[in-house]
Every structure is written in C-alpha cells, then in structure tokens.
Amino acid sequence: MSANRFRGLYASIICPMHPDGALDAPGLEAHARQVLACPGLGGLLVNGHAGENVLLEREEARQVVRIARRAAGDALIVAGVAAESSAAAARLARDAAEEGADAIMIFAPFSWAPGVDPRVVLAHHRAVHDATTLPLFLFQGSVRSGGLFFPPEVLAELFRLPRAVAIKEGSWEADAYDTTRRLAARLRPELAVMASGDEHLFACFALGSAGSLVSLAAVVPELVVALDEAVRRHDLPAARALHERLAPLARAIYGTAPPGLATPRLKACLHLLGRLSSPACRAPLPALGEAEYDALREALGQAGVEGFVS
C-alpha cells in the first residue's frame, strides 16, 4: 500500500435529493461523472459533510458508494464514515469496502464537540481502522469545532495507525494547517497532508500540500485544479488571480453565517448552473431564500463561472 497513490485532488461531492428528500440515484451518478470530467481530478470523496452523511440511512450511505464506484471508473473513491458509536462506524466502513471504496475517511462524531477524552478518539479510530483492510484517511476538524479539532499529541497517535495514508486537514486556519503538515513530516513523512480549507486553498497550497479534498471542487473543479497547478509551477501571479476569483465564492458558501448551510449553498450553486435538477436537501436543512440565491449568483459571477440558468 503506497500513500503516494492517494495524493492529488479530489472533489467532495454532494448527494442529490428529490424534493421529498429521497436520494436521487441518477442525479448522483450524473453529478459524479460531471465532476470527474474535469482533467486533473484524481477522485471523489463521498459521504462527507457536503454529502449530508449524518442524514443518510446506512443502506443509503452504502448506495452512494456503489453509485460513485460505477461512475468513477479508474478514479479513486474515498468513503466517509460518520457515526456516533464505534460499532456503527465500523459497519459503515465494511459496507464501503464491500461496495468498492478505495479508502475510508473517519469523521469525528459531533458529540465530541464539547470536549472528548483522547482515549475515546483513539479507540474510535482504531475500531474503524481494524474493521477493514482499506487505507485510512484521517480528518482534522476546524480550530473552532471544540473536540473535533485534535491537538498535536492526539494527531501524533493517530498518525501511528498502520494503514493511515492521509489526512484531510480542515482546521480552517493556515497556522494550524502548517502545524499538522510539519508534524506529519516529522513523524510520518509518507502521510499525505491534504488541504481542506476552501476559503484559503491558496495559502495551504503555497505552504505545501499533497493535494486536496474539498466540496468547492464539486462546483468549480477547473478553478481548483488550475490553482493547484499554478502554485506547483511557481506562477504566483496566476495563483493570486485564481484566488481572487475563488475567494468570494468560497466566502459565500462557507464563510457566511451560519456555516451549517454550506451544503444547501453548494446545491443552490449547482442548480443555478443547470447541473442539478433540484437543490433539495434532507430535512432539517432548509431551502434557501431569494436573497441567499442572489448572493450566490453574484459570487459565481465574480468567479467567472458561465452557464447560469434562469
């Protein structure tokens, strides 16, 4: 198992829903294929936060992996695992493995937000790690997410899991991102540190990144790919220009309060672009109002994205 295999750019895709909240299987397959049509993307993250993972039933989460596997061809599929109990998370990991996922990503249970004992974190990760033989992606939460953000001493223990190959670094702060990057370089230099701060991809790419797994790439994959390529060829003016296009869109989706509406905003963008038949999310996520749509239209325009539908 080579960690190098998992380096690169992934789109964290949404999960299309019908207006009644039922999973839209044809819409999901079409979305996956459309995103992966962008040259430079190496794979998909499914059942992530953008994919409404905690709102899916077990069989639906399994179905998402199955559909994505069919749509992805040779592209890699990383399947998110989000559950409060370790037993439930282990079952989701085994389901994903049986449906053809190439790797598993463990999301911290939201109940850890008020605070969590490190022994709980390690036991949960070990349970999912040991449930399959698949490579493992870790996930670092935002610095503002309480117990979902792991301090360096906890990350150091997680890095020692034998099949850990990468971490989606979602601390949402450049200095914290760099701390994780340096820790991995010292303890597990082969472990891929993947940028996850949609609002500051430029900064993370410039600091050094093995790739990225972001939902912004589900809407504007070509711009995320172009930014990564510009940084890698040391073309700072081009990278800055791309950042200026991406920043307003990232702020409109992720940086506007409350941040928990990022998924409806992503779906609204895709709906505006004619790439998603319905922007519906699963309850209790709401439909957006006209003022919210206007803000997203403006941000898409600033990003230079073409293809609006009326």
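## Helix packing, pockets and cavities in a predicted model

Helix 7 (201–207) and helix 9 (236–254) each contribute at least two residues to the lining of the largest cavity; helices (H or I, at least four residues) and strands (E, at least two) are DSSP runs, numbered from the N terminus. The model is a predicted one, in which local features need pLDDT of at least 70 and side-chain atom pairs count only at pLDDT 80 or more, while totals for chains, interfaces and linings use all residues. Residues are numbered from 1 along each chain as its sequence is written, and side-chain values use heavy atoms, with hydrogens and water left out.

**Cavities.** On a 1 Å grid over the protein atoms alone, a cavity is a set of points where a 1.4 Å probe fits but cannot get out, and a pocket is an open set with protein on both sides within 12 Å along at least five of seven lines; lining residues have an atom within 4 Å of a point. Grid points are joined across faces, edges and corners, and a volume is the space filled by probe spheres set on the points.

The structure holds two cavities of 30 Å³ or more. Asp 198, Glu 199, Leu 201, Phe 202, Leu 227, His 243, Leu 246, Ala 247 and Ala 250 line the largest cavity. Helix 9 provides the largest share of this lining, four residues. The second largest cavity is lined by Ile 13, Ile 14, Cys 15, Leu 28, Val 46, Asn 47, Gly 51, Leu 56 and Val 64.

The largest pocket is lined by 35 residues, of which His 49, Trp 172, Pro 259, Gly 260 and Ala 262 are the closest to its centre. Strand 8 (211–214) and helix 10 (262–272) are the elements that give two or more residues to its lining, and the largest share, three residues, comes from helix 10.

Around the second largest pocket there are 22 lining residues, and Asn 53, Leu 56, Ala 82, Ala 83 and Leu 92 are the closest to its centre. Helix 2 and helix 3 (86–98) each supply at least two residues of this lining; helix 3 gives the largest share, five residues.

The table lists volumes and lining classes. Ala, Val, Leu, Ile, Met, Phe, Trp, Tyr, Cys and Pro count as nonpolar, Asp, Glu, Lys and Arg as charged, and the others, Gly among them, as polar.

| Space | Volume | Lining by class |
|---|---|---|
| Largest pocket | about 980 Å³ | 17 nonpolar, 13 polar, five charged residues |
| Second largest pocket | about 300 Å³ | 13 nonpolar, three polar, six charged residues |
| Largest cavity | about 40 Å³ | six nonpolar, one polar, two charged residues |
| Second largest cavity | about 30 Å³ | seven nonpolar, two polar, no charged residues |

**Packing of helix 1 and helix 2.** Helix 1 (residues 25–36) packs against helix 2 (residues 58–72) at an angle of about 45°, and their axes are 9 Å apart. Axes are lines fitted to C-alpha atoms, for helices over the stretch in contact, and angles run from 0 to 180 degrees between N-to-C directions. The two helices are therefore oblique to each other; angles under 35 degrees count as roughly parallel, over 145 as roughly antiparallel, 65 to 115 as roughly perpendicular and the rest as oblique.

On the helix 1 side, the contact (heavy atoms within 4.5 Å) is made by Ala 25, Leu 28, Glu 29, Ala 32, Arg 33 and Leu 36. Helix 2 takes part through Gln 63, Val 64, Ile 67, Arg 70, Ala 71 and Ala 72. By class, this contact has eight nonpolar, one polar and three charged residues.
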